[in-house]
Amino acid sequence: MKSSNPLIGRDIVSIADLNKDEIRAILDQAGRFEQQLQQGQRLSLLNGRILATVFYEPSTRTRLSFESAMHRLGGSVISVAEAKTSSSAAKGESIYDSGRMLEGYADVIVQRHPAVGSARALADAASVPVINAGDGTGEHPTQALLDLYTIEREKGTLDGLTVAMVGDLKHGRTVHSLAKALAHWKARLILCAPKALAMPAELIAGLRNQGLIVIETENMNAALAQADVVYVTRIQQERFETVEEYMRYKGVYVITEQAVRSAKPGLVVMHPLPRVDEIGTDVDALPNAAYFRQARYGVFVRMALLAMVLGAVE
Ligand code: NCD
């Protein structure tokens with residue numbers, strides 16, 4: 001019988017590499033894994049398989065949830081947590097050489113790197129599947145998938161929603177990937193950022209071409225009054241030239257308990273984390289606060305991705 005798994009052997013570099021049916025298949029598989037874990041099942045689909053995680057930029061959730069996902073499927077993990085300083089890249093090794101080497105050590109590679117295009121470069125070099133865990137200000141496709149999973153779990157659907165994105169939409173790679181993904185569901189997108197941190201114009205033009213309604217504003221409360229989901233992002237300090245420039249924008253938008261109470265009822269508050277000060281801790285106790293659930297869902301979605309690219313599910 002022909003397998004219906006569309007991801008066998010594939011790289012996941014950009015969310016645009018996946019069509020709507022493929023995204024649907026990943027979310028459905030993640031749902032099955034969530035249910036199986038809930039029932040206390042121990043899974044061994046990836047027994048004997050090895051994941052390499054190679055991170056040239058800081059990470060807590062993405063790396064740990066990929067590693068947790070691999071372990072939950074019975075696989076093993078090898079890892080360079082601080083690849084920038086502790087791997088041979090510090091000695092000048094190229095991404096190409098790193099890929100040719102890693103393909104001999106692992107069955108799948110997850111990489112995070114500060115340069116846009118670095119994931120594609122690794123995928124071109126390595127014969128095993130490569131998953132992009134963030135390439136600079138470029139993309140973060142697996143975060144977008146877990147964000148979709150979260151929206152669907154919280155709202156019951158991905159159709160016809162108004163999603164507000166707030167914060168540093170210029171440098172934030174998670175919003176770049178999520179906006180592209182939402183275009184499949186004809187959502188309405190409200191982009192709320194200081195002018196200097198607006199989402200890149202070419203990206204917005206591309207979204208509109210795909211039929212997404214995109215509204216730009218600098219007024220957070222006006223955005224919250226209409227939104228079903230608000231996706232809050234950190235001002236990406238590491239992407240600024242100077243601390244002074246960063247300080248100009250730090251704290252520009254802060255979601256407080258009061259702001260949530262004045263928003264559209266049922267507002268779902270999401271954040272890829274880490275949070276600095278853009279969501280008050282007084283929001284955490286509200287049922288609207290979905291960000292810690294969102295982080296947990298990342299494990300199920302990454303289990304689905306690993307099992308699918310490695311051909312362990314039909
Ligand atoms: C994000 C990232 O690394 O892009 N974090 C994550 O993966 N959850 C968001 C961020 O760093 O602000």
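**Around the ligand**

Start by selecting the shell around the ligand: Thr62, Arg112, His140, Gln143, Arg173, Thr174, Arg234, Gln236, Pro272, Leu273 and Pro274, where a residue counts if one of its heavy atoms lies within 4 Å. This is a predicted model, with local features needing pLDDT of at least 70 and side-chain atom pairs pLDDT 80 or more, while totals for chains, interfaces and linings use all residues. Numbering runs from 1 along each chain as its sequence is written, and side-chain values use heavy atoms, leaving out hydrogens and water.

Colour that shell by class and you get 3 nonpolar, 5 polar and 3 charged residues.

Next, show polar contacts (pairs of N or O atoms within 3.5 Å). Arg173 puts a polar side-chain atom 2.8 Å from a ligand oxygen. For Arg112, a side-chain N or O atom is 3.0 Å from an oxygen of the ligand. Over at Leu273, pick the backbone: a polar atom there is 3.0 Å from a ligand nitrogen. Of the 320 Å² of accessible area that the ligand has on its own, the protein covers 94% (Shrake-Rupley method, 1.4 Å probe).

**Zoom out to the domains**

Now colour domain 1 (15-140 + 298-309) and domain 2 (141-295) separately; the bounds come from an automatic or database domain assignment. Where is the ligand relative to domain 1 and domain 2? Both give residues to its shell, so the ligand lies between them.

Finally, select the domain contacts (heavy atoms within 4.5 Å): 32 residues of domain 1 touch 26 residues of domain 2.

Terms used. Polar contact = N/O pair within 3.5 Å; in protein donor to acceptor, adjacent residues only side chain to side chain. Nonpolar A, V, L, I, M, F, W, Y, C, P; charged D, E, K, R; others polar.
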